[in-house]
Amino acid sequence: MSPGKLLPTLISCVLMASPILADDFIDTLNESASAEIEKSETDALQKQADLSKKYIAALKGLEEKFKSSGDLDAIIRVRAEADSIEKSGEVTSHADKSINELREKYLAARKEIVTDANVARQKVVETLTKAIREKEAALTKGGQVEQALALRKAGEELLLELSAGMASDNVAFDDDPRG
């Protein structure tokens with residue numbers, strides 16, 4: 001079974017099981033969600049590492065071009081860019097046109113990797129939200145309102161914790177209607 005299918009299957013099993021305490025339910029969800037999130041983050045880190053290697057290789061090719069034209073200053077800037085990527089993964093502020101062209105491609109690809117990781121995390125959070133709401137409804141219908149309330153509290157804490165790792169670049173805040 002693929003890792004992406006594991007969480008929904010596990011949630012279905014947990015929902016059908018006999019009444020479970022809120023903490024046990026949340027612990028089960030947390031374990032499966034954490035495993036999926038860890039896998040997607042590991043994949044993203046591997047993709048970023050691979051991307052950095054490709055970018056450094058492209059910079060080495062650019063360095064060769066500058067060697068043949070005898071542009072020592074440009075070689076120094078290219079090497080500084082490559083060193084910065086190797087050490088921190090961050091780009092420099094050099095404004096060379098040749099470096100900028102490569103850098104823009106690198107940054108766009110890196111942004112896509114981060115976006116994909118956030119989408120994967122969001123899917124896990126959405127799946128958990130649905131499972132928690134379904135369990136809350138089942139508990140409430142069964143007359144276990146205190147258990148449903150405890151589940152909601154624990155679920156909200158878990159969802160907040162799991163959502164915390166997502167980049168918030170695209171969060172749009174509306175104007176406060178209170179003026």
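Reader: Is Glu-90 buried, partly exposed or exposed?

Author: In this predicted model, Glu-90 has a relative accessibility of 42% and therefore counts as partly exposed. The class follows from the cut-offs, because buried means under 20% and exposed means over 50%, with partly exposed in between.

Reader: With which residue does the side chain of Glu-90 meet in a salt bridge?

Author: The general idea comes before the case. Side chains of opposite charge can pair when their charged atoms come close. Here the partner of Glu-90 is Arg-110, with a distance of 3.7 Å from N to O. Glu-90 lies in the loop between helix 3 (72-88) and helix 4, whereas Arg-110 lies in helix 4, so the pair ties together parts that are 20 residues apart in sequence.

Reader: How many salt bridges does the count come to?

Author: The count comes to 11 salt bridges. One of them joins the side chains of Arg-121 and Glu-41, at 2.0 Å from N to O. Because Arg-121 is in helix 4 (residues 97-141) and Glu-41 is in helix 2, this pair ties together parts that are 80 residues apart in sequence. As for accessibility, Arg-121 counts as buried at 8%, while Glu-41 counts as partly exposed at 34%.

Reader: By about how many helical turns are Arg-133 and Glu-136 separated?

Author: Arg-133 and Glu-136 are three residues apart in helix 4, which means a separation of about one helical turn. They form a salt bridge, and their closest N and O atoms are 2.7 Å apart. Arg-133 is partly exposed, with a relative accessible area of 32%, but Glu-136 is buried at 5%.

Reader: How should I read contacts between residues that are apart in sequence, and which residues is Ala-44 in contact with?

Author: Ala-44 is found in helix 2 and is buried, with a relative accessible area of 11%. Its contacts, leaving aside neighbours within four places in sequence, are Ile-113 and Ala-117. Ala-44 and Ala-117 are 73 residues apart in sequence, but 6.2 Å apart in space from C-alpha to C-alpha. For the protein chain, 63% of the contacts with a separation of 6 or more are between residues 24 or more positions apart.

Reader: Which residues form the negative surface patch?

Author: The patch is formed by Asp-23, Asp-24, Asp-27 and Glu-31. One of its members, Asp-24, has its place in helix 2 (residues 22-69) and is partly exposed, with a relative accessible area of 40%.

Reader: Lastly, how many helices and how many strands are there in the protein chain?

Author: The chain has five helices and zero strands, and its pattern along the sequence reads α-α-α-α-α. Of its 179 residues, 32% count as buried. The accessible surface comes to about 11,500 Å², and 54% of that surface belongs to carbon and sulfur atoms.

Conventions:
Residues numbered from 1 in each chain as written. Predicted model: local features only at pLDDT ≥ 70, side-chain atom pairs only at ≥ 80, totals over all residues. Heavy atoms only, no water. Patch = residues over 30% accessible without salt bridge, like charges linked within 9 Å, V, L, I, M, F, W, Y side chains within 5 Å. Areas by Shrake-Rupley, 256 points an atom, 1.4 Å probe, with all protein chains shown as cover. Salt bridge = Lys/Arg side-chain N within 4 Å of Asp/Glu carboxyl O. Lys, Arg positive; Asp, Glu negative; His and termini not counted. Charge placed at Lys NZ, Arg CZ, Asp CG, Glu CD. Helix = DSSP H or I, 4+ residues; strand = E, 2+ residues; numbered from the N terminus. Buried < 20%, exposed > 50% of the residue type's maximum accessible area, 1.4 Å probe, protein only. Contact = heavy atoms within 4.5 Å.
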